[in-house]
Amino acid sequence: MSLPQRIRAFVQRNRGAVLRNAWQQAVVRVWVRYRLWRVIGPLMKPREPESWVFMGGCYNSGTTILREMIGAHPEVASLPREGVEMTDAFPDLEADGWVRMWFRDAARSDLSHKDPVALARRAKRDWSPWWRRGARVFIEKSIVHGAWMPTLDAGFPNAHFIGVIRNGYCVCEGIRRRARPYGAAREILGRDEYPIDEVGRQWVFANQVLMRDKSRVRNYREVHYEDFTARPVETLRALFAFIGVDPDAVTTEPDGTIVIGARQFRIRNQNAESLARLNDDDRVALGAVIDPLMKQLGYQEGGRS
């Protein structure tokens with residue numbers, strides 16, 4: 001994505017809070033680059049909201065815009081970027097260059113041997129400076145949270161989980177377009193771009209983990225990207241009720257703009273553009289990997305709408 005495109009995307013995502021969020025992103029980059037939580041974290045007192053909300057799924061499924069919209073609620077606070085980048089509490093599942101392909105490091109995702117309370121205490125301490133004061137609910141969107149929901153459920157009081165699912169063909173097209181392997185991953189693949197069937201295995205694995213663990217946590221709600229983009233207000237009100245905040249905090253303007261608190265959003269289904277970027281060979285290779293799960297999740301084989 002070019003710099004002008006990235007700027008336009010940032011402005012679109014942050015309507016109503018562009019300057020504030022641009023400044024915050026500049027500061028958090030320094031925080032992450034130099035891992036300042038290792039110095040400041042021990043001095044911080046962990047924050048304890050009424051409830052925690054964790055969002056997971058597969059990359060390029062619409063989790064970022066959904067997190068932004070939920071986080072715009074006056075009773076909800078969110079971190080300025082994925083929380084796993086702002087603490088050492090969780091393993092790096094993109095190590096060795098597997099960007100957006102954490103199934104390759106799936107062995108590291110087993111946190112069943114960890115003390116969930118100690119893990120949560122460390123994460124809460126490291127995240128403490130970044131939550132907006134006065135919020136009753138904290139939402140944290142890190143895609144890889146889908147890998148360890150039971151551990152989070154055991155460590156964070158009153159945890160709620162939102163799993164986001166999207167048409168696998170569209171997800172895989174987006175990952176291949178936006179992510180590049182590097183280091184050891186690039187050497188193993190022998191190329192600068194992920195094969196489309198490899199990306200398909202990431203989509204399958206991430207969604208299988210959600211399906212496996214959703215019955216192992218106390219509060220879980222599933223959202224399909226297609227339903228969310230078709231009925232955003234209805235979806236958001238249901239999610240607000242699920243996490244225990246005022247469901248009527250979202251309204252719409254006559255032009256379709258969605259208003260939540262001081263923020264404004266516009267959202268549309270971008271599946272058609274993603275599907276158009278796949279050629280026949282891509283579809284055949286992907287279908288061999290993802291069509292069985294596509295059907296199980298209610299999608300048509302071949303990615304058709």
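I took contact to mean heavy atoms within 4.5 Å. I note at the outset that the model is predicted.

**Entry 1: helices H9 and H13**

I looked up which residues of H9 meet H13. On the H9 side I listed Ile196, Asp197, Gly200, Arg201, Trp203, Val204, Asn207, Gln208 and Met211. Their counterparts in H13 are Asp282, Ala285, Leu286, Val289, Ile290, Leu293, Met294 and Gln296. Sorted by class, this contact comprises ten nonpolar, four polar and three charged residues.

I then turned to the geometry. The axes of H9 (residues 196-213) and H13 (residues 280-296) come within 8 Å and cross at roughly 10 degrees. I therefore recorded H9 as roughly parallel to H13, since angles under 35 degrees count as such.

**Entry 2: Ser51**

I located Ser51 in strand S1, which covers residues 51-57.

**Entry 3: cysteines**

How many disulfides does the structure hold? I counted zero. For Cys170, the closest cysteine sulfur is that of Cys172, and the separation of 9.2 Å is too far for a bond. Cys172 is likewise in no disulfide; the cysteine sulfur nearest to it belongs to Cys58, 6.7 Å away. A disulfide would require the two sulfur atoms to be within 2.5 Å.

I also checked accessibility. Cys170 counts as buried at 1% relative accessibility, and Cys172 counts as buried at 0%.

Conventions
Residues numbered from 1 in each chain as written. Predicted model: local features only at pLDDT ≥ 70, side-chain atom pairs only at ≥ 80, totals over all residues. Heavy atoms only, no water. Axes fitted to C-alpha atoms, helices over the stretch in contact; angles between N-to-C directions. Helix = DSSP H or I, 4+ residues; strand = E, 2+ residues; numbered from the N terminus. Parallel < 35°, antiparallel > 145°, perpendicular 65-115°, else oblique. Nonpolar A, V, L, I, M, F, W, Y, C, P; charged D, E, K, R; others polar. Buried < 20%, exposed > 50% of the residue type's maximum accessible area, 1.4 Å probe, protein only.
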